[in-house]
Amino acid sequence: MGYQEEYVRAGRSLKRALKRSSLRRPLRAVKRRADELALVFASRQDRRHALSGPRQAWRVKRDYQISFLRDAGLQPQHRLLDLGCGTLRGGIPIINVLDDGHYWGVNAREQALTAARAELVDAGLEHKRPRLIHGSDFDLLHLGVKFDVIWAFSVLPHLDDAVLGGALRCVKEHLANDGRFFATVHLGSSKGGGSWDEFPDLRRPLDFYEKEAARADLEVLDLGALSELKHPPNVVNAFHHMLEMRAA
Ligand SMILES: C[S@@+](CC[C@H](N)C(=O)[O-])C[C@H]1O[C@@H](n2cnc3c(N)ncnc32)[C@H](O)[C@@H]1O
């Protein structure tokens, strides 16, 4: 066993021990304060993308999204709808690859979209004219455009069941005949979970997603865990699965 693996193992067993101990809550509070303090000294990008997930992981998450989509066959002429685009953590390289006006992003939090617009300026990509739409009710989204790819990275676990139903109906309405919807999910044998900021953070069984997708006339293929799909294994949520959905 290499020394890196030993560190990872030691870290995991320490985490398990802490989970069982009464120190769990106070340690969490200390970690939250430390994270807040670290943000004061963080770069602009670090601060912005902290609205999309752990500050330390944004580069990996950005690089992974475009690399997955490229491998899946994304072409410049494709139109892509990014559900829950957040701060454009993943969106910036996607916008860079696509033809002008071919990227559409939707997000519930205006604060994240403000950060997204700043990212766009810093990346010199305003001329690509991506559409960034503020909204949280997917049933109200009627763009009148069909997309080759619809993308939801680290988003479905944050939608409660009713909102997820709306998201899947929205996918069905906006997916081109041969279009593909890719979404990451936290799979488990039973439903459960916690929260992330003001959103839920939900674990659900695959057959739950299959049933919900069938209601929207979509069929689901589980492509496997991200760590089996070229995502670095030791980065947060590498165990999440990538689902692909198409019109049934
Ligand atoms: C973990 S972040 C991921 C952001 C982006 N997909 C990425 O990977 O960089 C989840 C995003 O989903 C957005 N979100 C949650 N519920 C939503 C809803 N009902 N409609 C639109 N966006 C939503 C949040 O505002 C947040 O920006």
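Modeller: Angles under 35 degrees count as roughly parallel, over 145 as roughly antiparallel, 65 to 115 as roughly perpendicular and the rest as oblique. Note also that this is a predicted model.

Colleague: Why are α7 and α8 called oblique to each other?

Modeller: Helix α7 (residues 161-174) packs on helix α8 (residues 206-215) at an angle of about 50°. That value belongs to the rest in the scheme of angles, so the two helices are oblique to each other. Their axes lie 9 Å apart, and the crossing is right-handed.

Colleague: How do you know that α7 meets α8, and which residues are involved?

Modeller: Contact means heavy atoms within 4.5 Å. On the α7 side the residues are D161, L164, G165 and L168, and on the α8 side F208, Y209, E212 and A213. By class, this contact has five nonpolar, one polar and two charged residues.

Colleague: What makes β5 and β7 a pair?

Modeller: Two strands pair if at least two bridges are found between them. Strand β5 (residues 175-187) and strand β7 (residues 199-204) are joined by two bridges, so they meet that cut-off. The two strands run parallel, and L187 stands opposite R204 in β7.

Colleague: In which sense do β6 and β7 pair, and over how many bridges?

Modeller: Strand β6 (residues 192-196) pairs with β7 in the antiparallel sense over five bridges. G192 stands opposite R203 in β7, while W196 stands opposite F199. The two strands form a hairpin with two residues between them, and D197 in the turn has a positive phi of about 50°.

Colleague: Where are the domains, and what separates their centres?

Modeller: Domain 1 covers 1-41 and domain 2 covers 54-247. Their centres, taken over C-alpha atoms, are separated by 28 Å.

Terms used:
Residues are numbered from 1 along each chain as its sequence is written. This is a predicted model: local features need pLDDT of at least 70, side-chain atom pairs count only at pLDDT 80 or more; totals for chains, interfaces and linings use all residues. Side-chain values use heavy atoms; hydrogens and water are left out. Domain bounds come from an automatic or database domain assignment. Helices (H or I, at least four residues) and strands (E, at least two) are DSSP runs, numbered from the N terminus. Axes are lines fitted to C-alpha atoms, for helices over the stretch in contact, and angles run from 0 to 180 degrees between N-to-C directions. A crossing is left-handed if the near helix is turned anticlockwise from the far one by less than a right angle, and right-handed if clockwise. Ala, Val, Leu, Ile, Met, Phe, Trp, Tyr, Cys and Pro count as nonpolar, Asp, Glu, Lys and Arg as charged, and the others, Gly among them, as polar.
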